[in-house]
Amino acid sequence: MARRLAPQVNAGSMADIAFLLLIFFLVSTTIDTDYGISRRLPPPPEKFQPEILIKEKNLFRVELNQINELFVEKKPLDLKQLKAAAIAFLDNGGGTDGDYCSYCKGARNPKSSDHPNKAVISLINSRETNYETYIAVQNELVSAYAELRDREALRIYGLTFKQMVGYLNDANYSGSKTKLREQIKEIQSLYPEKLSEAEPVSVEL
């Protein structure tokens, strides 16, 4: 009696189906993306970096403790008031002679910052600080710089700083991007973003 052979299954089409299913899931699956702060890290410090001393009045101390309480100059402050306080410090223009700021519109308090080029915002937070609170504080401080730059860009060029940056990144912009880039650098130099997260070293002067 002849032995029957078990019928063989053609698995070639199975591999094709599996490959098509793999492509389908790769194309249709959405992957969650984490978003963070857009900030450029400072360059590595030099081996022998001289200690930079900052006048106490040119230093704006912002602190977040472990229970997310905000302190500015060691006094409690509501988050909604932080932007206005930062603008008042940056735009104070309390310097005289070589430190005089002709475009500043602040109170010119001699006990506050001399010039925007010398004004430093120091942000110190605890390791237990809530991430959302930390981001919110960062946003308020950055928006203070943005508002002052918008004001000066409007005064000098009739455009906000945000619009100028938008035109620079626009591929269809018909103007000179070289000139626009120089104008942006000029506005940035009026209010340079000096936001430090290192422990400051200050002197009483």
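What percentage of the 205 residues of the chain count as buried? The share is 29%, where buried denotes under 20% relative accessible area, exposed over 50% and partly exposed the range in between (1.4 Å probe, protein chains only).

## Basis of the description

The model is predicted: local features need pLDDT of at least 70, side-chain atom pairs count only at pLDDT 80 or more, and totals for chains, interfaces and linings use all residues. Residues are numbered from 1 along each chain as its sequence is written, and side-chain values use heavy atoms, with hydrogens and water left out.

## Overall architecture

The chain contains five helices and seven strands, assigned as DSSP runs (helices H or I, at least four residues; strands E, at least two) and numbered from the N terminus. Their order from the N terminus is α-β-β-β-β-α-β-α-α-α-β-β.

Of the contacts (heavy atoms within 4.5 Å) between residues at least 6 apart in sequence, 63% join residues at least 24 apart. The accessible surface of the chain, by the Shrake-Rupley method with a 1.4 Å probe, comes to about 14,900 Å², and carbon and sulfur atoms account for 56% of that area.

## Helix α4

Helix α4 spans residues 161-168, and its buried residues are Phe161, Met164 and Leu168. Viewed down the axis of α4, these residues fall within an arc of 60 degrees, so they line one face of the helix; the arc is that of the directions from the helix axis to the C-beta atoms. An α-helix has 3.6 residues a turn, so residues three or four places apart point the same way.

The buried residues of α4 pack against α3 (131-157) and α5 (177-190). The charged end of Arg149 sits over the ring of Phe161, 5.4 Å from its centre (criterion: NZ of Lys or CZ of Arg within 6 Å of the ring centre and within 35 degrees of the ring normal).

## Aromatic pairs

Four aromatic pairs are found in the whole structure. Rings of Phe, Tyr and Trp (its six-membered ring) pair if their centres lie within 6.5 Å; planes under 30 degrees apart count as stacked, over 60 as edge-to-face and the rest as tilted. One of the pairs, Phe60 with Phe89, is stacked, at 5.0 Å centre to centre and 25 degrees between the planes. Phe60 lies in strand β2 (residues 59-64) and Phe89 in helix α2 (residues 82-90), so this pair ties together parts 29 residues apart in sequence. Phe60 is buried at 6% relative accessibility, and Phe89 is buried at 5%.

Tyr103 and Tyr191 form an edge-to-face pair, with 5.6 Å centre to centre and 80 degrees between the planes. Tyr103 belongs to the loop between α2 and β5 (120-125) and Tyr191 to the loop between α5 and β6 (195-196), so the pair ties together parts 88 residues apart in sequence. Tyr103 is buried, with a relative accessible area of 13%; Tyr191 is buried, with 1%.
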